[in-house]
Amino acid sequence: MNSGLSGLNLDEAPGVLIVVSGSGAILAWSPGAQATFGHDVDEVIGRSLDEVIGAPGSFEPEAAPRLSDYDASLFSHEVVRRRKDGALIYVNMASRQLPVTAGGQARLAISLTEVTHFKLLRDSRLLAARYSELIEPTPDAVVIVNHTGRIVLVNHQTEALFGYGRDELLAAQVEMLLPKSARMGHVAQRTAYTAQPRIRPMTNGFELQGLHKDGREFPVEISLCPLHSEVGQLVMTAVRDITQRRRAEEKFRSLLESAPDAMVIVDAQGRIVLVNSQTERLFGYARSELLRQPIEILVPERYHERHPGHRQQYFGDPRVRPMGAGLELLGRRRDGSEFPVEISLSPLRTEEGTLVSSSIRDISERRRVERALHDKNLELERANQAKDRFLATMSHELRTPLNAIIGFTGVLLMKLPGPLTTEQEHQLGMVQSSGKHLLSLINDLLDLARIESGKVELQLVPLVLQPLVESVAATLRLAAQDKGLTLEVEMPAADVTVWTDRRALQQVMINLTNNAIKFTDEGRVTLLLEAGVGDRPVRFSVIDTGPGIREQDQGKLFEAFSQLSAANGRPRVEGTGLGLYLCARLAELLGGRIEFESHAGQGSRFTLVLLRRPAQGGEP
């Protein structure tokens, strides 16, 4: 029997009927009360009615009386009450004083009628008339919830996002839009927010999972805003599907992780918001130790005071700063050790504002190599300076006695002191020839040293070539005659002018001509000057009728210290093997080149090709 006292039976009572004592303890509980509130009779008899179905104080309308305020008057009032599962429902509540029992106990009969659905539909129509034009155009889903957590208004974006029709959403608990695992926690969060409502913008709002009608979960971001209305305190929730953003972020994180450098992303306040695993390895911190920390955690302490100013200056004018042009700083590891780093900066514009991506590269090894190279260069520079001093000394110390030897033998050969015997004249001739050969060797080595060390200084001036060619021919004509050769010169009548260095050009012309004379036993040597039409190059050729150069040797012709045999197998004349190498290097310095062609038994042709105005020179 469902009774609290003898003679009181509510088994057949219609609707929700509850009998309580004067102190508010439950004496009887009807089947309708059990169905409405979810409590069995055995769970409630003897307990306080306010404890069993009373709503939190913040949910009670100000005019709703407590049970202690009830008297014998019959009245009805719309109040909020709580079900066993925690859900809040609206009920119309009426009471009547029952006769006092024989034992003198006061009793109160309470009748309740649930009006939740009716009230919510009424509130929904009222709110739709006032707010629909405001919320329908918004791009986000908008869900307006009353203080019991029931949905009272949505826009069409909510229907599209969650897959429910509007009729399915109205009057339902808002937790239906969340995964089951999150619903209980959300009720507590919602209750806390209702107690202290405030605007919570999207960028600082919750990030939850939404639940589609088909059971599919998806990430959402929400903002909250309290809304005061004639139907009571409401909460307007804007819901945004961030699935695409999450996919982009995951892709971005994957790219971040695949980067070879440490990547650190900071916000405008200089707080670290994202790092990759390379950052953890480079600086020795776990990811959790870096997130939300100021970027200065990675900078030596002595720079902490200045670094925020540099950071703020960059945020004032954010732009891509490549690694090669970026800042070179010292990084600080978790253990306090410092190491040189190079960074590049790049702004990232996001919904949360501008972030800065920093790519950080450890350049410790590069610095070590650079120091080693610097030390090596210093060593080489000192060696070159010593070599230059040696060459300068040798230039004087070797040339002076050789010039004396050559000069005195020349005097003796002129027979100024008196007649010479045939043997004396022969011996003096050998001394003079050897001296000249040795002087030539020394000059070649000194020229090579100057060219290799970059000490050749050219003075480019406009130079008419015909007089220079005539001078070279006059210098070497006697040497050609001594070998029975004819030295011929062929030049155009009109002046041929180029911008060049006279001394260097003369040295090339003399070396090419002297080579032709040395390696030709009979016939002639021809100096040919050809002027190109307009701005076409000028060509100076030395053509001989010697034995030519073997085909297998032609690839080594311009190598330093290369001494080749003639096409007829006869050994070359003594020398350093530097003549053609020096000619080729000087030609390059003059902005020209040397070409050649040679055929066995038909002689050789070496051609110096010169631009009228060398590209690296030009008018001074």
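**Entry 1**

Strand 6 (residues 141–146) and strand 10 (residues 232–241) run antiparallel and are joined by six bridges. My note on terms: strands (E, at least two residues) and helices (H or I, at least four residues) are DSSP runs, numbered from the N terminus. Two strands pair if DSSP finds at least two bridges between them.

This is a predicted model, where local features need pLDDT of at least 70, side-chain atom pairs count only at pLDDT 80 or more, and totals for chains, interfaces and linings use all residues. Residues are numbered from 1 along each chain as its sequence is written, and side-chain values use heavy atoms, with hydrogens and water left out.

Next I followed strand 10 to another partner. Strand 9 (residues 217–229) pairs with strand 10 in the antiparallel sense over 10 bridges. Leu227 stands opposite Leu234 in strand 10. Strand 9 and strand 10 form a hairpin, with two residues between them.

**Entry 1: the whole chain**

I then stepped back to the totals. The protein chain has 16 helices and 22 strands. Of the 620 residues in the protein chain, 43% are buried. Here buried means under 20% relative accessible area, exposed over 50%, and partly exposed in between (1.4 Å probe, protein chains only). Among contacts between residues at least 6 apart in sequence, 52% join residues at least 24 apart; contact means heavy atoms within 4.5 Å.

**Entry 2: helix 8**

I listed the buried residues of helix 8 as Thr243, Arg245, Arg246 and Leu256. Seen down the axis of helix 8, these buried residues fall within an arc of 155 degrees, so they line one face of the helix. The arc is that of the directions from the helix axis to the C-beta atoms. On the other side of helix 8, I found Gln244, Arg247, Lys251, Leu255 and Ser258 exposed.

I traced an open sheet of five strands in the order 17-19-20-22-21, with mixed pairing. The edge strands are strand 17 (486–490) and strand 21 (593–599), each pairing on one side only. Direction ignored, neighbouring strands of this sheet are turned by 15 degrees against each other on average. Axes are lines fitted to C-alpha atoms, for helices over the stretch in contact, and angles run from 0 to 180 degrees between N-to-C directions.

Strand 17 and strand 19 (residues 524–530) run parallel, joined by five bridges. Thr486 stands opposite Arg524 in strand 19.

Which strands does helix 15 lie across? I found helix 15 (residues 502–518) across strand 17, strand 19, strand 20 (538–544), strand 21 and strand 22 (603–610), running at about 20 degrees to strand 20. Helix 16 (residues 579–589) packs on the sheet too, touching strand 21 and strand 22. The direction of helix 16 makes about 140 degrees with that of strand 21.

**Entry 3: cysteines**

I searched for disulfides (pairs of cysteine sulfur atoms within 2.5 Å) and the structure holds zero. Cys225 is partly exposed, with a relative accessible area of 25%, whereas Cys583 counts as buried at 0% relative accessibility.

**Entry 4: single residues**

Most residues other than glycine have a negative phi. I looked up two with a positive value. Ala171 has a phi of about 80 degrees and is found in the loop between helix 6 (166–169) and helix 7 (180–195). Ala171 counts as buried at 10% relative accessibility. Arg292 has a phi near 70 degrees and lies in the loop between helix 10 (287–290) and helix 11. Arg292 is partly exposed, with a relative accessible area of 46%.

Buried or exposed: what is Arg311? Arg311 is buried, at a relative accessible area of 12%, and lies in helix 11 (residues 307–316). Leaving aside neighbours within four places in sequence, I found Arg311 in contact with Ala268, Gln269, Gly270, Ile295 and Glu296.
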